[in-house]
Amino acid sequence: MRHYRIITLWLGATTCLTAAGSTGSDTLKSKVLEDVTVQAKALSQQAQMHDTQAVISVEDEFIESHLGGSLMQSLEHIPGVKAMNIGSGESKPVIRGLGFQRVAVTENGIKHEGQQWGEDHGLEISQMDIDRVEIVKGPSALTSGSDAIGGVVNIVTNKVPQRELEGKVRLYGRSNNASLGASVRLGGRQKNGFWWQAAFDGTDYGDYKVPTDSIQYYSYYIKLHRGRLRNTAGRELNGSATLGWQGKRVSTSLRVSDMDGRSGFFANAHGLEVRLSNIDYDASSRDIDLPYHTVNHLKVTSHTEVHLDRWHLFGDLSYQKNVRKEFSEPVSHGYMPKPASTLERRFDKDTYTALFSGRTLLDGQHSLTLGAQAEWQRNRRDGWGFIIPTFHNATLGIYAFDRWYLRENITLNAGVRYDWTHTHIRPYEDWYETLGEYRQRSRDLALTFNSFTWSAGIDCASGDWNLKANVGKGFRTPIPKELGTDGVNYHFFRYERGNADLDSEEGYQLDGCIRYSDGRLTVQADPYINYFTNYIYMSPTAAYYEGLQVYEYEQAEVLRWGVEAEVEYAWLPCLATRLTGEFLYARLASGSKRGYALPFSQPWNVALTAKYKPWEETYLSVTGRVTGRQSEIVPPEKPTPGHFVLDAALGHCIHFSDTRMLTLSLQARNLPGRRYYDHTSYYRLIGVPEAGRNISVLASFAF
C-alpha cells in the first residue's frame, strides 16, 4: 500500500494539511480546507522524495495575497524563507540564512541556471506564471545535486488544465516605485488528451523610495531627491507557451519561456565617479540611465512520463540561454585608460540538462527510485571590466532512494548519491598595461571534484501528533567566481580575489519537525543543527587595491543551529491568530575569523498575524513583526539595530459562477513608513534603509 503525505502551508487562519492516500497512483483527489486547495499531482516527483522533511507548498493564490515586487519577496512570509533584495525588482532566495549558490532554484525539477553568483542578479522567473511553489529546507543534494546544500525552491508551472478553455487575467500595481503590471494566462485541454498553456506578463516600475534624505558612502554624504534611490527603475517582459499530451501510459510536454528585463543600478552605489557624471539622474523617476543592466533568459524544456506495469519512468531535457549585460559610463580605474564603450561586463551562458529517473514498488512496502542527472554549461565573458572568467562546466550525478512504509503511520527514507564535476577556467589578461605588463586576472585551470552524499529520515504520525526527523550530508562544488574572480564588486564595495585551491563544500545537517494539531490549535517547531567542514566565505584582508579593501575566499569549519516555530489558534470561525518566530546561530569554528559570526547573519524575529473573515470570501489581516538587534558580526560589518514593522492586507472574492471569479486584494507593507535596516542587505553598508510605505493592489479574474 502506498502512502503520500502532503504538507501545505497557508499563512493566514488555516493550518498545515497532512493527507494520506491509499491508492496505487500518484494522483490525489481534490481536498479543500478553507483557502487551501490540493489538486491533481499535489507534490512533484522531486518534492515527494523529501517525505521526512517538511515540504511547504503554496499555490498561486498565496502569491496573489502576498504580492511583492518579485517572487521571493512574495514568499518571504514563510518561516525560514527570506528575500535578499536589490533595487525594485531583484531578489534572491535565502533559506535559514543560506543563499546564493547554497539554495537551488528549480522549475519543474530542472535547476534554473542564470548568473546566480551575482549579488544583484535576481531570478529570471515570472511570479505571474506559476501554479505552485514547493520549498524544502535543509540539504537536498539527493535530488538536486550541488547548490542544494541549504534547500530547494521548486517552482511548478506545468499543471494540466482541467477544462477546454480556462485562464486568468491580472492587473496589479505598487505605490512605492509606481509599479504597473498586467498578466494573461490561458490554457485548455482537449478530449483526445492534448493540452496547451500560454502566458504573458509585463511590469514597468520607477525608482523606489526610502525614508531618508541622504546616505553615506566612504564618508561622502549624498543627498537623495525626494527620498528616491536614483536609477533603480526598470521593466520586465515574460512569455511562455506549453504543448502537452496525456495518454493512459505515456504523457509528454514541451515548454518554451523567455524573460527580458532592463533595470538600473542605484547610481550612488556604483562608485564615486557618478558624482562627476553629466547625467541628470533626478530628471525622471522612470528613466533608466547608466549604470544599468539587461538580461534575457530563454528556456526550452521537455518532460515525459511512461507508466509501465512495475516502473514509472521520468525524463526531462532542457536548454537554457542566459545573456546578461552591464553598462557603465567609461571611466579610468587605476592604470586603465578610458574605455571606448559603455559595455562593462557581458555574460553569455548556455546550459544543457538531462534528468532520468524511475520508480518502482517492491514487496508492497518499498518505493525505490533510481536516477541520473547530467549537465553541461559554458559561460563566456566580455566587456572592459573583469569579475569572473570564461569557463566550461560538466557535471554527472547518480542516486538511489528508498521509501519504506514500515507501518501504517511510520515511513522511513534513505538514499545515496555520487557526483562528478569538471570545471575548466579560461585564462584572461587585462586589455591594458599596468607598469609595463598585461596583468593576468585568471589563469588556465582544469579542476575535478567528486562528492558522495547520503540522507536518512523518519516520519511518524499518531493521532494529532506528527514527528519528522532527517539527517543528511550535502555538498556544493566551488563555482568559477570563487575559484577565479579578480576584480571590483561594486555592490559590496570591495575588491574580490578567488582561490583556486578550494575544495568542495560539505555540510551535515540534522533537522526535525514536531507538530500538534487538533483542528483549532496548531503548534509546530522545526529545530535544526548544521555543521560545515569547509564552508566557503569571503574574508576581509589588510590589503587595498584601487582604493578598495581586498577580500579573499577562504574555507573554515562552521557551526549553525536554529529553530522556526509557529502557533495558530482559531478563536472563532471568523477569527484566528498566528504567531511565528525564527532564531539562527552561526559561528566560524576555524580559520582566520574563528569565533566570529558568519557575515550578514540574520537576527531573530517574531511575527504575530491576526486574520478576520466576516464573510466567507472576505478577509482582513494585520501583521506585526519584531526583528532583534544583530550584534553578532564580523568586521568590517557594523551592528544593526532592531526594528518593528506593521503590515496589513484586505481581500475579497466575487463568484459569478463555479468557474468565474474576481479577486481583489489590497496590501500595505511598512504601514507607518518607518526607517529600518535589514542586516542581510548590503545596501545597509552605505546607510540605505529598507523601502518605505508600500501599498499594493491586485485585481485577478479567473474563468
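Tutor: We take the labels one by one. This is a predicted model, where local features need pLDDT of at least 70, side-chain atom pairs count only at pLDDT 80 or more, and totals for chains, interfaces and linings use all residues. Residues are numbered from 1 along each chain as its sequence is written, and side-chain values use heavy atoms, with hydrogens and water left out.

Student: Why is lysine 137 called buried?

Tutor: Its relative accessible area is 7%. Buried means under 20%, exposed over 50%, partly exposed in between (1.4 Å probe, protein chains only). So lysine 137 counts as buried.

Student: What makes glutamate 632 partly exposed?

Tutor: Its value is 40%.

Student: Why is the link between glutamate 632 and arginine 587 called a salt bridge?

Tutor: The rule asks for a side-chain nitrogen of Lys or Arg within 4 Å of a carboxyl oxygen of Asp or Glu. Here the closest N and O atoms are 2.7 Å apart. Therefore the pair qualifies. The two residues sit 45 residues apart in the chain.

Student: What makes glutamate 124 and arginine 324 a salt bridge?

Tutor: Their closest N and O atoms are 3.1 Å apart, so the pair meets the rule. Both residues are buried.

Student: How do you know that glutamate 482 and arginine 476 form one too?

Tutor: Their N to O distance is 2.9 Å, so this pair also passes. Both of these residues are buried as well.

Student: How many salt bridges does this rule give?

Tutor: The count comes to 43.

Terms used: Helix = DSSP H or I, 4+ residues; strand = E, 2+ residues; numbered from the N terminus.
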